[in-house]
Amino acid sequence: MTPGIDLQQRFIETLRDLGLPQGVAKVAWLPLPMILIIIGATLGVLVTVWLERKISAAAQQRIGPEFAGPLGILQAVADGLKLVFKADIVPAKADPWLFTLAPVIVVFPAFLSYLIVPFGQNLLISNVGIGIFLWISLSSIAPIGLMMAGYSSNNKYSLLGGLRAVAQSISYEVPLALAVLAVVMMSNSLSTIDIVEQQSGYGILGWNVWRQPIGLILFWIAALAETERLPFDLPEAEEELVAGYQTEYSGMKFGLFYVASYVNLVLSALLASILYFGGWDFPIPLTVVSGWLSINETGPIFQIVVASLGITMTLLKAYFFVFLAILLRWTVPRVRIDQLLDLGWKFLLPIGLVNLLLTAGLKLAFPFAFGG
Amino acid sequence: MFVLSGYEYLLGFILVVSTVPVLALTASKLLRPSGRDPETRTTYESGMEPKGGAWIQFNIRYYMFALVFVIFDVETVFLYPWAVAFHRLGLLGFVEALIFIAILIVGLVYAWRKGALEWS
């Protein structure tokens with residue numbers, strides 16, 4: 001494997017050639033990937049909202065948004081702008097501080113988790129040692145915000161929705177962590193880069209999905225429940241609870257909840273593709289392709305092409321999962337709260353433990369196939 | 001400089017991400033209309049006059065789930081270092097984790113039988 005494109009190194013070298021000291025160049029680099037990722041995540045939300053509306057429309061034999069821009073692409077932007085101009089109504093009986101803080105606490109970990117999402121060998125903000133565990137721990141923060149939103153609204157629907165949201169997200173966090181744990185065991189590392197590296201080399205045959213089929217299903221069910229997507233959208237089940245913990249929210253505060261839910265969906269899809277579908281890895285090993293075409297693998301143009309194809313690969317795989325989530329929304333009916341919790345505790349949790357022990361046993365028996 | 005390399009980015013990213021909700025709420029504050037009539041600030045209850053508040057005692061079953069969650073979440077946290085180092089631990093590590101998980105499964109069965117996982 002070639003080390004791949006290293007933008008940071010190139011950027012710092014270029015600045016140093018212009019006569020800036022090393023330290024200044026490093027500091028100048030620091031905010032660039034972060035701002036880029038935030039913009040990318042926001043664009044991802046807009047695209048997902050548009051996709052959601054278009055695919056939902058197709059599933060119900062409607063046309064969907066079509067007037068704002070070609071094919072209604074700008075509809076999501078228009079919706080977002082509308083929310084900015086909306087009046088901010090805080091109920092007289094609510095606790096104004098907690099009411100404002102709640103959406104902030106929900107949106108914060110969603111964006112922060114992008115720290116560890118890799119789009120290429122060196123194309124991520126930071127390869128921190130705890131990697132995927134950072135995401136698991138950050139996703140535990142959101143329930144506090146949901147609870148805060150439900151309780152501070154001083155509305156019965158909100159309270160019920162908030163309590164349900166917390167019960168749901170803590171119930172599915174354990175199976176989610178167990179599914180990730182089995183992948184971590186195979187790559188002997190928590191770093192997302194190492195997890196993809198371990199899957200690369202054999203093309204589509206090397207991806208974790210073949211060795212962790214139970215883990216993938218477990219991960220995806222738990223991720224859907226964590227992001228409160230149908231069939232697990234009980235906290236905001238509109239037939240029962242109006243809008244759950246979001247009932248009293250309007251304007252930009254509602255917008256933050258909305259953005260956070262879509263950021264979480266895209267994030268879960270990205271992580272599913274990284275953990276189980278080899279991230280930026282190609283279905284056909286790259287060395288084979290470059291051998292066919294007899295290209296020099298270290299050439300700069302080749303590296304740029306490979307890096308952009310890698311980003312495209314990651315996004316394609318992730319949006320496949322987003323598509324799956326949207327189709328599931330119109331295929332599966334909503335579960336009841338007791339069925340939801342039964343599924344989490346009495347089915348997914350034991351399966352997760354068994355899957356983990358099975359992976360450990362198979363790793364002992366076939367050390368090469370399961371990551372040494 | 002930094003003992004844990006790469007974490008300076010985490011600190012930076014926390015700062016950058018914190019500006020997102022602040023910017024969104026400030027932009028909306030500058031642009032949106034204000035001064036609504038007090039009727040809009042009443043609590044929503046499907047068009048009825050709201051009866052009583054929502055800051056009341058709620059059912060203990062939520063507490064039971066939280067309690068079971070703490071046990072199993074701590075369990076997974078303990079299992080993470082084991083999973084990372086598993087390739088060096090070998091059979092002994094597997095047996096040890098098996099005993100650890102077996103104890104927790106006993107706990108799960110106990111909670112199950114006692115009805116802590118029942119919603120109704």
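Let's start with one residue: Ser56(A) counts as buried, with a relative accessibility of 5% (buried means under 20% relative accessible area, exposed over 50%, and partly exposed in between, using a 1.4 Å probe and protein chains only). The model is predicted, so local features need pLDDT of at least 70 and side-chain atom pairs count only at pLDDT 80 or more, while totals for chains, interfaces and linings use all residues. Residues are numbered from 1 along each chain as its sequence is written, chains are lettered from A and ligands numbered from 1 in the order in which they are written, and side-chain values use heavy atoms, leaving out hydrogens and water.

Ser56(A) sits in helix α3 of chain A; helices (H or I, at least four residues) and strands (E, at least two) are DSSP runs, numbered from the N terminus. What does Ser56(A) touch, not counting residues up to four places away in sequence? Its partners are Leu51(A), Arg62(A), Ile326(A) and Trp330(A), where contact means heavy atoms within 4.5 Å. With Trp330(A), the side chain of Ser56(A) also makes a polar contact of 2.8 Å. A polar contact is a pair of N or O atoms within 3.5 Å; within protein, one must be able to donate a hydrogen and the other to accept it, and residues adjacent in sequence count only if both atoms are side-chain atoms.

Now look at Asn264(A), in helix α12 of chain A. Asn264(A) counts as partly exposed, at 22% relative accessibility. Leaving aside neighbours within four places in sequence, Asn264(A) is in contact with Ala110(A) and Thr227(A).

Next, follow the meeting of the two chains. Here 80 residues of chain A are in contact with 61 residues of chain B. Together the chains bury about 6,500 Å², with 77% of it on carbon and sulfur atoms; buried area is the accessible area (1.4 Å probe) that two parts lose on being put together, summed over both. Lys156(A), Trp345(A) and Lys346(A) supply 10% of the area that chain A buries against chain B, more than any other three residues.

How many salt bridges are counted between chain A and chain B? The count is 1, where a salt bridge is a side-chain nitrogen of Lys or Arg within 4 Å of a carboxyl oxygen of Asp or Glu. Arg32(B) pairs with Asp88(A) in a salt bridge, with the closest N and O atoms 3.7 Å apart. On the side of chain A that touches chain B, α8(A) gives the most, with 17 residues.

An unreviewed UniProt entry places the feature "transmembrane region" at residues 6–27, 62–83 and 89–112 of chain B; UniProt positions are given in the numbering used here, feature names are shortened, and annotations may be inferred rather than shown by experiment. Residues 62–83 of chain B are 100% helix and 0% strand, with end C-alpha atoms 31 Å apart. For residues 89–112 of chain B, the span is also 100% helix and 0% strand, and the end C-alpha atoms lie 32 Å apart.

Finally, find the aromatic rings. The structure holds 17 aromatic pairs over all chains: rings of Phe, Tyr and Trp (its six-membered ring) pair if their centres lie within 6.5 Å, and planes under 30 degrees apart count as stacked, over 60 as edge-to-face and the rest as tilted. Phe78(B) and Phe100(B) form an edge-to-face pair, 6.4 Å centre to centre with 85° between the planes. Because Phe78(B) lies in helix α2 (residues 61–84) and Phe100(B) in helix α3 (residues 86–114) of chain B, this pair ties together parts that are 22 residues apart in sequence.
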